[in-house]
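Hello,

I am handing over the structure we spoke about. Please have a look at it first; my notes follow below.

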Amino acid sequence: MMSRFDHYFQMNVDDVIEYTLEKATEIDWDRDSMEAVVPDSHGNLNYVYRIWDGKGHSLYIKQAGTETRISKDMKPSKDRNRLESEIIMLEDKFAPGMVPHIYFFDTVMCACGMEDCSDFMVMRDAMLRHETFPRFADDISTFMVETLLLSSDLVMDHKEKKELIRKFISPDLCDITEKLVLMEPYNDLNQRNNVFVPNADFIERELYNDPALHLEVAKLKFKFMTDAQALMHGDLHTGSIFIRQDATKVFDSEFGTYAPMGYDVGNVVANLIFAYDNGLAAGATAFCDWILETIEKTMDLFIEKFSKRFDEAVTEPMAKVSGFKEWYMEGILNDTAGYAGTELHRRTVGMANVVDVTSIADEQKRLLAERINIFAGKDYIMHQSSFRTGADFAAAVTKAKEAAEKTL
Ligand code: SR1
Ligand code: MG
């Protein structure tokens, strides 16, 4: 039977009810009471709609547009919607219940039907209100350990893993990360960095004119491009996390690909620091303390759980050789520090900034926030092997704050 959804077009809110009825057949919709809206929160790339009926059924439809929302010049393959759907389905196997349920995905309309999580908050929005979540460190460390370890050669059959590398190869989205995260913050080569003008000289000196930093970032870039360690999420910031007091769910896995595990862990650390920046500017002391504790706890729990799961789950005989686990985990911690640093820098000066920092209205407070990010980022990148515990990662933030204050 012919359908108007047999050819790709970018849907709007008037199309999605009919689309949902045609595709989300798992749900017994009450057609007459169905409604659709565009939710308030959205990311930089795609279009999201929430659809519900009067009988308590609901879901999100997420569609990839031809151009990204952030820039009409960027046109990453719309296949990113398939990648996201399939990666979320796999993450659900590794870390059950920690991602939204995917009802369907459709490679023609480049759209998927996803569990309605409107009873959660997007974590970045909650961070901007300085809310705290006691379960977060435990939940996110579990998510990272399970998805990263179980998708790696440590546990997965090597041939199966290579099939997944092939399946989740993602040149366009990797290209975004390789440029926006792992190059442009250090040279503005494509002249699209967003530099806060009062900080321009500082950025010039600290990021654009530091050859020793550039060398370490170059190594991190090549590691990202060549080290197919695990199926990482690839964009694990607070805008990719739904949160409540009693639960956490990770979404938006479209940047997922095989790359170093530390890329995800470092992203979590850096994005907690952006929340700290915002709390500091608002004088929210208890919130800032919670963020520092959460960085410490997330890292300590990650290390503890990874080590325990390694012992339980590793199948590769050579990974059981004495000393290998310690060597492997040191590598993850080095990468965590390095990629926390690049995330701190790119969200401060690159093309895709974070509202945690850009919404700070007072010039001096925004300068302080940006310089904390730049100093902490440099410390992480330049001294990767010094960060072995949660306390080490958290202490870098207070150290960067003290150094930044001295520059103002
Ligand atoms: C062109 S997309 C810019 C950024 O938004 C996404 O969430 C990723 O973080 C990407 O780097
Ligand atoms: Mg995203």
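Which residues surround ligand 1? Keep in mind that this is a predicted model. The shell consists of Asn44, Leu45, Ile70, Met74, Ile176, Leu180, Asp235, His237, Phe255, Arg346, Arg347 and Ala352. By class, 7 of these residues are nonpolar, 2 are polar and 3 are charged.

An oxygen atom of ligand 1 lies 2.6 Å from an N or O atom in the side chain of aspartate 235. For arginine 346, the distance from a ligand 1 oxygen to a side-chain N or O atom is 2.9 Å. For arginine 347, the corresponding value is 3.0 Å. Ligand 1 exposes 310 Å² when taken alone, and the protein buries 97% of that.

Now the setting. Ligand 1 sits in the largest pocket. Two helices, α6 (171-180) and α12 (324-349), each supply at least two residues of the shell. Both domains take part: domain 1 (13-115) and domain 2 (121-406) each give at least three residues to the shell around ligand 1.

Best wishes

Methods
Residues numbered from 1 in each chain as written. Chains lettered and ligands numbered in written order. Predicted model: local features only at pLDDT ≥ 70, side-chain atom pairs only at ≥ 80, totals over all residues. Heavy atoms only, no water. Near = heavy atom within 4 Å. Polar contact = N/O pair within 3.5 Å; in protein donor to acceptor, adjacent residues only side chain to side chain. Areas by Shrake-Rupley, 256 points an atom, 1.4 Å probe, with all protein chains shown as cover. 1 Å grid on protein atoms, 1.4 Å probe; cavity = no way out; pocket = protein on both sides within 12 Å on 5 of 7 lines; lining within 4 Å. Sits in = over half its atoms within 2 Å of the grid points. Helix = DSSP H or I, 4+ residues; strand = E, 2+ residues; numbered from the N terminus. Nonpolar A, V, L, I, M, F, W, Y, C, P; charged D, E, K, R; others polar. Domains from an automatic or database assignment.
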